[in-house]
Amino acid sequence: MANEQTAATTAAEAGALDTPIDELRVADDDYWQDGAPYELFKRLRSECPVHWSDSIQQYPDEDGFWSVTTADDVHTVSRDWRTYSSGYGITALTHSILPLELQQAMFIGMDPPKHDRLKALFQRGFTPKRIADHEEAIRAITIDVLDGLGDRETCDLVTDVAQPVVSRVIHSFMGVPAEDDADWARLMNSILAANDPDLNPGGPEQIMERDIPEIFERCNELITDRRENPTDDLTSVLVHAEIDGERLEDHEIVMGFFLLVAAGNDSTKATYCSGMRALLENPDQKQMLVDDPALVPDAVEEALRMYPAFAHFRRTATEDTELGGQAIREGEKVVMWYVSSNRDETRYEDADTFDLTRRAEHQAFGAGGRHFCLGTALARLELRILIEETLKRYPGIALDGRPQAAATQFVNQLKSLPVRLRP
Ligand code: HEM
């Protein structure tokens, strides 16, 4: 059951395997051209599980950072928000793509108590029970998109199936009209995969110049409308939210909206596509699901483990501390690499093998703590329905060309997954 993507070692990655460990800079673009550098992380886990990168090749004015690579250490960081704050930037970059003040306006970029109060506004709507009420609607969206493929023999699962389904689902929660789905998806893709020339042809510079103003403009229209005509969508929740008797600032509403749309758009798409790829490359696993669709939830969990949609999230040390034998100083960035911790060999046997009978816990949704993913129930439901409906309609689906990974250190995703729908 070897998996080509994970077994492959790119040329750049091979360089990473020879470079002295102290000189390695984990977030350098060179290592990420073909997706996450799993072999590099394997080396870090064995030689230097908490590792310092001096800088980031493509962003020379960003500070260096600690890489946390084992499941136990990621767990420690994730649970201790007092020592490891979310309030100073949430990715390895502090300001180069999204200015710090915009990150701090989302509750993912806040610490308690404000974080907890804002998150609580949404939690009621995201419980497994409330989300289960949407099953019929999500299935209808999925079937509608698959119907749209008509008699086609081939398609790209990323752009023809995953993107339209996940966009419609999250946008229906937010109250975004269907005709705007593609525009929002484009904005999210370019910001979340800022370094990939296909997903963000204008390069990172255009994000502040073009994309952020467009997001604010589009969002302000929605906000104005919901102020006058409240509905039961999540945009209305943000617009009318009160924290300690005070309404949110406009930029906090826009960024709250951005957080939900971004999290909902790219992550589920990424996991569905990586999971489908694993099934297509491991036909015995796919056949198990075709024969027994009740196993789909197990395949979903294994896809989440092997291909966590977010390669990392970051914290910042609020005091001098120690982790994995390394002295971490106040103010230093601490990056939790889920693409590494989910393959930690002390937790998983044959960690690079896709095995849907594994039924193992993982950290794709975070490792517990205050920022644990709000959307787990929604993501799991969407993923189950997407895989069920795809395999039900196309049991003989097969790869039809080389899948292409996006070049990004943040959302661990494919940008192309060409398939032949019928044998
Ligand atoms: C496969 C799908 C998904 C994955 C792998 C995923 C993963 C994650 C991870 C790792 C975090 C934690 C970040 C941290 O510890 O700093 C997170 C947070 C979050 N996710 Fe998800 N997510 C997924 C889908 C969704 C969906 C569909 C939504 C829908 C709204 C969502 C909303 C959120 C929000 C709002 C947060 C911030 C929570 C907080 O700061 O307290 N996610 N997600």
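Predicted model: local features only at pLDDT ≥ 70, side-chain atom pairs only at ≥ 80, totals over all residues.
Biologist: Are the residues of β10 buried or exposed?
Modeller: Both faces of the strand have to be considered, with Lys333, Val335 and Trp337 on one side and Val334 and Met336 on the other. In a regular strand, side chains alternate between the two faces of the sheet. Both faces of β10 are covered, and the strand is largely enclosed by the rest of the structure, because five of its five residues are buried.

Biologist: In what sense do β2 and β10 pair, parallel or antiparallel, and which residue of β10 stands opposite valine 68?
Modeller: Strands β2 (residues 65-68) and β10 (residues 333-337) are paired over four bridges, and the sense is parallel. Phenylalanine 65 stands opposite lysine 333 in β10, while the residue of β10 opposite valine 68 is methionine 336.

Biologist: Which residue of β2 is the bridge partner of serine 53?
Modeller: Strand β1 (residues 50-53) is antiparallel to β2 and is joined to it by four bridges. Tryptophan 52 has tryptophan 66 of β2 as its bridge partner, and for serine 53 the partner in β2 is phenylalanine 65.

Biologist: Which residues of β2 point the other way from Phe65 and Ser67?
Modeller: The residues of β2 are divided between two directions, and all of them are buried.

Biologist: What is the order of the strands in the open sheet of five, and which of them stand at the edges?
Modeller: The sheet has mixed pairing, and its order is β1-β2-β10-β7-β3. A strand at an edge has a single partner strand, so one side of it is left without a neighbour in the sheet, and the two strands in this position are β1 and β3 (84-85).

Biologist: What angle does the direction of α4 make with that of β10?
Modeller: Helix α4 packs on the five-strand sheet, where it touches β1, β2, β3, β7 (312-317) and β10. The angle between the direction of the helix and that of β10 is about 125°.

Biologist: How wide an arc around the axis of α4 do Ala71, Asp73, Val74, Val77 and Ser78 cover?
Modeller: These five residues of α4 (residues 71-79) are buried. They lie on the same side of the helix, because the arc that they cover around the axis is only 160°.

Biologist: Which strands are the edge strands of the open sheet of three?
Modeller: The order of this antiparallel sheet is β4-β14-β11. Strand β4 is joined to β14 (residues 418-420) over three bridges, with threonine 154 opposite arginine 420. The edge strands, each of which pairs on one side only, are β4 (154-156) and β11 (398-399).

Biologist: Which strands of that sheet does helix α9 touch?
Modeller: Helix α9 (residues 157-174) packs on the sheet, and its direction makes about 65° with that of β4. The strands that α9 touches are β4 and β14.

Biologist: Which helix gives the most residues to the shell around the ligand?
Modeller: The ligand is surrounded by 25 residues, and the closest are Ala263, Ser267, Gly366, Cys373 and Gly375. The shell divides into 15 nonpolar, eight polar and two charged residues. Both α13 (250-281) and α17 (376-393) supply at least two residues, but the helix that gives the most, with seven, is α13.

Biologist: Which residue is joined to proline 113 by a cis peptide bond?
Modeller: Most peptide bonds are trans. Proline 113 lies in the loop between α5 (100-103) and α6 (114-123). The bond in question has an omega of about 5°, and the residue that it joins to proline 113 is proline 112.

Biologist: Is aspartate 244 buried or exposed?
Modeller: Aspartate 244 is located in the loop between β5 (242-243) and β6 (246-247), and has a positive phi of about 50° although it is not a glycine. Because it has 7 C-beta neighbours inside 10 Å, aspartate 244 counts as exposed.

Note on methods
Residues numbered from 1 in each chain as written. Near = placed C-beta within 6 Å. Nonpolar A, V, L, I, M, F, W, Y, C, P; charged D, E, K, R; others polar. Buried ≥ 20, exposed ≤ 12 C-beta atoms within 10 Å, placed from the backbone. Pairing = 2+ DSSP bridges. Arc of directions from axis to C-beta. Contact = placed C-beta atoms within 7 Å. Axes fitted to C-alpha atoms, helices over the stretch in contact; angles between N-to-C directions.
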